[in-house]
Amino acid sequence: MKVAVCGAGIAGLAAAERMSSLGAEVVLLERAPQPRTQGYMIDFFGAGYDAAEAVGILPAIRDVGYNFDEASLVDEEGRRRAAVRYGEIDKALGGRLCSVMRPDLEAVLRDNLSDDVQVRFGASLTGVTHHGEGVTITLAGGETLEADLLVGADGVHSTVRALVFGDEAQYLRYLGFHTAAFIFDAPTIREAIGDNVALTDTIDRQMGFYTLRDGRIAVFAVHRTPDPGLPDDARAALQTSYADLGWLVPEALQRCPPSQEIYYDQVAQIEMPRWSRNRVVLIGDACAAVSLLAGQGASLAIGAAYVLAEQLRRTSSVDRALDFYERLWRPVIEEKQKTGRDAANQFLPTSSFQLWLRRTALRSVWIPGVNRRVVAAMVGEPDAVIAMLRSGSDA
């Protein structure tokens, strides 16, 4: 079986490894010229954690992970207003939580690829043609590839989805936020935040800071805006949107790198009536983005790759395997998407009263029995799909 995977991010890397483990001949296509270095810190747990354990890469992920004591909310005068200890969240998740930078997680997944997987950077898809039980893929420059299955794992703004399923506007639900992430060096900020996560306790906008192993500062930012359009100059947009925030924000904006070194995107979900067509199937954010508000996007991408591969392994018919994959995984995604939408105001308050409610909720996490309810409200209910497949239960 020949499988082409489009997108060498988390979903694509996980899918390529799993397809290769089935004995498939795999080519991994990525339009970027090299692995991306932009990204943010991920709290890795849930389905992807279970799948990583099943595949055997969990120790490597934990090796590149970070052990934070707490995440604190700090007001614009630098006063600590509330905090949540990571140990309490970890406890609520059964000890199955790891914080990891997105580029580091991708590096672990790349290292886990078989030598048989052909990885091609700088390869952009321009066309997909269905024929019988396969597809012809056209790349920029005119080269064509034949495959029995094309896996679209190329993110929220998926080229595969656009070519096969139609315009993005049909499927994208904009949630009213823009987000950004960047890295810089600032000893004064490093001294102020130490080895923990610090978040501004602010209305409609938030900037978070954490120190990386090499001493640099990683920043993520999110703000409300009714306009889904992305700016031409990400750096200028950040400096405008966060200009009047206090505490560490002015120095961070001053040290913000050029736009090409900034990750900047909409906060959005992708909702589709169908995830496959003929011999093309979508996974991860390409068909099921849950958004920053729900979190778990990386975890769900790895979980999706595992579920898809398991259905192909268990089922002689590719068409039935694609149906089973979607039947199993869609309820998981839809629940997480709803959790994300419901959590919008808690994630980024719109008033002083909502700020107070968020602080109160975080202060109560340590109370026995409360932490599980607070965590469930933030991340949704646990799912058992990966555990079921690992145990050998029928799909």
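This is a guided tour of a predicted model, going from one selection to the next.

Residues are numbered from 1 along each chain as its sequence is written, and side-chain values use heavy atoms, with hydrogens and water left out. Because the model is predicted, local features need pLDDT of at least 70 and side-chain atom pairs count only at pLDDT 80 or more, whereas totals for chains, interfaces and linings use all residues.

**Helix 1**

Select residues 10-21, which make up helix 1; helices (H or I, at least four residues) and strands (E, at least two) are DSSP runs, numbered from the N terminus. The 12 residues of this helix reach 17 Å from the first C-alpha to the last, close to the 16 Å expected, where the expected span is 1.5 Å times one less than the number of residues. Of the 12 residues, 11 are buried, so helix 1 is largely enclosed by the rest of the structure. Among the buried residues are Ile10, Leu13 and Met19, and also the charged residues Glu17 and Arg18. Then step on to Gly23, which follows helix 1 and has a positive phi, near 95 degrees.

**Asp201**

Next, select Asp201, in the loop between strand 13 (197-200) and strand 14 (205-211). Asp201 is buried, with a relative accessible area of 4%. Show the side chain of Arg359 as well, since a polar contact of 2.6 Å joins it to the side chain of Asp201; a polar contact is a pair of N or O atoms within 3.5 Å, where within protein one must be able to donate a hydrogen and the other to accept it, and residues adjacent in sequence count only if both atoms are side-chain atoms. Leaving aside neighbours within four places in sequence, Asp201 is in contact (heavy atoms within 4.5 Å) with residues including Leu73, Val74, Asp75 and Arg81, as well as Leu355 and Arg358.

**Salt bridges**

Now turn to the salt bridges, each defined as a side-chain nitrogen of Lys or Arg within 4 Å of a carboxyl oxygen of Asp or Glu; by this rule the count comes to 32. Begin with Glu53 and Arg96, whose closest N and O atoms are 2.9 Å apart. Glu53 lies in helix 2 (residues 47-55) and Arg96 in the loop between helix 4 (86-92) and strand 6 (98-101), so the pair ties together parts that are 43 residues apart in sequence. Glu53 is partly exposed at 32% relative accessibility, and Arg96 is partly exposed at 25%.

Move to Glu70 and Arg85, where the closest N and O atoms of the salt bridge are 3.9 Å apart. Glu70 belongs to strand 4 (residues 70-74) and Arg85 to strand 5 (residues 80-85), so this pair ties together parts that are 15 residues apart in sequence. Glu70 is buried, with a relative accessible area of 13%, while Arg85 is partly exposed at 47%.

A further pair to select is Arg161 and Glu168, whose side chains meet in a salt bridge of 3.4 Å, N to O. Arg161 is buried at 1%, whereas Glu168 counts as partly exposed at 25% relative accessibility. Then select Arg274, Asp323, Glu326, Arg330 and Glu334 together, as they are linked in a network of salt bridges.

**Cysteines**

Finish with Cys98, buried at 5% relative accessibility, and Cys256, buried at 4%. The structure holds 0 disulfides, a disulfide being a pair of cysteine sulfur atoms within 2.5 Å.

Terms used:
Buried < 20%, exposed > 50% of the residue type's maximum accessible area, 1.4 Å probe, protein only.
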